[in-house]
Amino acid sequence: MTAINLKTDRLQLRAPCPEDLQSCAELLGDYEVAKMLSRVPYPYDLDAGKAYLSRSVERWRDIETADELGLHIDHNGRMIGGMGFKKLQETPEIGYWLGRPYWGKGFMSEAVEAAVTWLFQNTGHERLAGEAMTENSGSLKVLEKLGFRLVGEVGCKSVSRGTTIPALRMEVTRTEFLNGH
């Protein structure tokens, strides 16, 4: 399997690259974005971002054994957000973010649908989970729209806030997702 490069009607999903650092810093440097994510500090840390991008590139070189894979989302040739799968050697979990100027345009639903389709068509995983903070109605709507169902309440550690925030865990099976699309 090689690095991902998916195209939807409006988007391209691709492997991250070191040249994405400035876009990451700009988009994730917005507290309204960072506060809804578990692992992103605020203010954005350029050194940590550089290290993350380096690890992301390496993971795509050996995706058969990777525990985590990141994707970046481009619209009209510009990076607008990111997503990823973690815990790939277990029940994988999807996470995603979008720069604030791109909220409310349906981009994330389009991107997540393409990525989940790719995951279920190219791996043996039978189930996919996603978690979103209870106050993040946009992320929860994306999961609901794509057939994820609520399985429980969890706590989401937020690096930017320095605390744990109430969140919902949702899941979808391969059969549920592929039969619904």
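Two residues are in contact when they have heavy atoms within 4.5 Å. By that rule, and not counting residues up to four places away in sequence, S139 touches Y96 and A132. This is a predicted model, in which local features need pLDDT of at least 70 and side-chain atom pairs count only at pLDDT 80 or more, while totals for chains, interfaces and linings use all residues. Residues are numbered from 1 along each chain as its sequence is written, and side-chain values use heavy atoms, with hydrogens and water left out.

**Residue S139**

- S139 is placed in helix α5; helices (H or I, at least four residues) and strands (E, at least two) are DSSP runs, numbered from the N terminus.
- S139 counts as buried because its relative accessibility is 13% (buried is under 20% relative accessible area, exposed over 50%, partly exposed in between, with a 1.4 Å probe and protein chains only).

**The second largest pocket**

- A pocket is an open set of points on a 1 Å grid over the protein atoms alone, where a 1.4 Å probe fits, with protein on both sides within 12 Å along at least five of seven lines; lining residues have an atom within 4 Å of a point.
- The second largest pocket holds about 480 Å³ of space, where a volume is the space filled by probe spheres set on the points, and grid points are joined across faces, edges and corners.
- Its lining has 21 residues, and S139 is among those nearest the centre, together with W103, M108, N136 and G138.
- Helix α5 gives the most to this lining, with 5 residues.
- α2 (31-34), β5, α4 (107-122) and α5 each supply at least two residues.
- By class, this lining has 11 nonpolar, 6 polar and 4 charged residues (Ala, Val, Leu, Ile, Met, Phe, Trp, Tyr, Cys and Pro count as nonpolar, Asp, Glu, Lys and Arg as charged, and the others, Gly among them, as polar).

**The largest pocket**

- About 940 Å³ of space lies in the largest pocket.
- This pocket is lined by 41 residues, with L37, S38, R39, V40 and W97 nearest its centre.
- Elements that each supply at least two lining residues include α3 (46-61), β4 (78-86) and β7 (149-158).
- The lining is made up of 21 nonpolar, 11 polar and 9 charged residues.

**Paired strands**

- Strands β1 (residues 5-7) and β2 (residues 11-14) run antiparallel and are joined by 3 bridges; two strands pair if DSSP finds at least two bridges between them.
- A hairpin through 3 residues joins β1 to β2, and N5 stands opposite R14 in β2.
- β2 also runs antiparallel to β3, with 4 bridges, and L13 stands opposite I73 in β3.
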